[in-house]
Amino acid sequence: MTVPRSRLILLVSAMLLAGALLSIRFISAGFDPMIETEDHPVMALTGLLILAGTAWFILLLLMRRTQAFPKWGLPVLILGGLILRLGFFGSQPIYENDYKRYLWDGAVTAQGENPYIFTPEEIFDASAPGTASVPDLATLAVLSNEADGLTGEINSPHLTTIYPPFAQAVFASAYWIAPYNPDGLRGVFLIFEMLGFAVLLLALKQFGMPLIWSSLYWLNPIIILTSYNAIHMDVLLTLPLLLAVLTLKARPWIAAIALSAAAAIKLWPLLLAPVLFRSWFKRPALYIGIAALVAVLTGLSLLPMLLSLNDQAGLAAYSANWTNSSFLFPGLREALGFFVDDPNRIARYVIALILVGLSLYLGFSTSRSEKKLPFDLMALSAAFVLLSPTGYPWYFIWFFMFLPFAVQSWMARGLGLLTIGATAYYVRFLLGETDRYEIYETILLPLEFGTALLVLAYDGWKERRYA
């Protein structure tokens with residue numbers, strides 16, 4: 001493909017993507033919680049998300065076909081991605097309020113209190129005038145009143161926080177910058193992500209891959225929307241995980257620290273450890289040392305959370321019961337229901353065994369090329385999301401951060417289609433409000449994940465056939 005033609009497709013796709021996201025920013029005010037769900041501009045949002053996702057997918061297909069791009073392409077795309085992120089500052093989060101938990105956790109942690117002891121419900125109740133309570137709870141009740149009753153607006157208020165200590169430190173830093181202000185979170189998230197993106201560029205250069213492929217992460221509309229409109233914190237993982245990839249060969253101890261930091265943001269990156277450090281498997285002393293370092297650092301960082309586990313712990317409830325927007329897990333659970341009394345629990349065990357088995361298989365595949373490492377990390381992260389009992393769109397960040405290393409891989413198209421399919425998630429709120437939720441479960445969810453899985457299966461079959 002010639003440079004003029006690729007330049008035209010690049011510009012048109014990027015402009016359509018940017019226009020769609022900026023339009024979503026404009027209509028986000030229509031999703032104010034005070035407005036009835038039936039009056040939300042859901043159809044406009046749906047159309048704009050499909051447009052943005054399609055434009056991004058065209059960019060993916062373009063970069064799979066050619067590297068004939070003008071020199072100014074990458075700087076323009078980087079600037080455009082930054083402007084789009086900044087554009088969502090001050091926007092109304094669309095159908096999400098997890099950020100309120102972040103705001104409250106940040107306030108608690110910034111005051112030197114333990115966010116894993118009391119639930120928001122306990123604190124909110126204790127903040128009522130004349131309520132007697134234990135001293136530590138009384139302190140938090142005063143903080144709740146200062147926060148204008150924020151604890152009464154948090155998801156799952158009967159549970160303590162699910163977020164590990166490093167995430168709590170990030171939330172606290174946002175509190176110090178702008179107390180109880182969503183834009184404080186957005187600002188801290190953006191700093192972390194920009195550092196992560198800089199590491200991505202360095203890692204792509206180290207692997208000898210075109211730097212413009214980084215734009216597939218930087219311009220992904222689901223990453224931008226879920227991180228800077230919905231304010232989900234998964235974007236924090238990009239910096240430590242990509243830093244682990246970058247430093248693995250020359251400074252494995254830094255990679256170990258980075259992986260431990262990622263696990264102190266969300267626990268699941270520990271699954272990547274066998275794959276990440278497999279190149280050192282033939283040097284047992286170093287391999288064991290790295291494993292010990294990861295274990296010690298992760299254990300110490302998670303200690304405050306683990307010591308506070310009880311029946312009200314968010315971590316325990318999430319791992320045992322949470323199910324939402326998942327495609328494969330409900331089918332497995334239903335199938336197991338014919339054979340066991342507790343299919344929900346057994347299904348989670350089966351999935352855990354599959355993921356651990358896949359991690360160990362890839363981790364012991366020491367003969368695989370070093371350049372295959374990011375692809376294997378992407379594949380394992382994608383397997384986790386696809387098999388998980390929860391399949392939220394912001395989880396897609398977990399594997400999209402590795403996509404720039406695997407643009408030409410057989411998994412790229414199938415996973416990329418999820419950027420378009422994620423639109424289904426936002427339609428479900430209107431369907432639920434109008435007693436038509438079964439449309440989401442029986443039609444939209446299978447379309448979202450089923451289409452991606454079919455393309456993955458087809459491209460995987462072609463890869464094996466013509467290898």
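Modeller: This is a predicted model, in which local features need pLDDT of at least 70 and side-chain atom pairs count only at pLDDT 80 or more, while totals for chains, interfaces and linings use all residues. Residues are numbered from 1 along each chain as its sequence is written, and side-chain values use heavy atoms, with hydrogens and water left out.

Colleague: Which residues does Tyr102 touch, not counting residues up to four places away in sequence?

Modeller: Tyr102 touches Tyr163, Phe171, Leu185, Phe189, Ile231, His232 and Met233. Contact means heavy atoms within 4.5 Å.

Colleague: Why is Tyr102 called buried?

Modeller: Its relative accessibility is 1%, so Tyr102 counts as buried. The classes are buried under 20% relative accessible area, exposed over 50% and partly exposed in between (1.4 Å probe, protein chains only).

Colleague: Why is Leu8 called exposed?

Modeller: Leu8, in helix α1, has 54% relative accessibility and therefore counts as exposed.

Colleague: What makes α4 and α8 roughly perpendicular?

Modeller: Helix α4 covers residues 98-110 and holds Tyr102. α4 packs with helix α8 (residues 182-206) at about 90 degrees, with the axes 10 Å apart. Angles of 65 to 115 degrees count as roughly perpendicular, under 35 as roughly parallel, over 145 as roughly antiparallel and the rest as oblique. The pair is therefore roughly perpendicular.

Colleague: Which residues of α4 and α8 meet?

Modeller: Tyr99, Tyr102 and Leu103 in α4 meet Pro182, Leu185 and Phe189 in α8. Helices here are DSSP runs (H or I, at least four residues), numbered from the N terminus.

Technical notes. Helix = DSSP H or I, 4+ residues; strand = E, 2+ residues; numbered from the N terminus. Axes fitted to C-alpha atoms, helices over the stretch in contact; angles between N-to-C directions.
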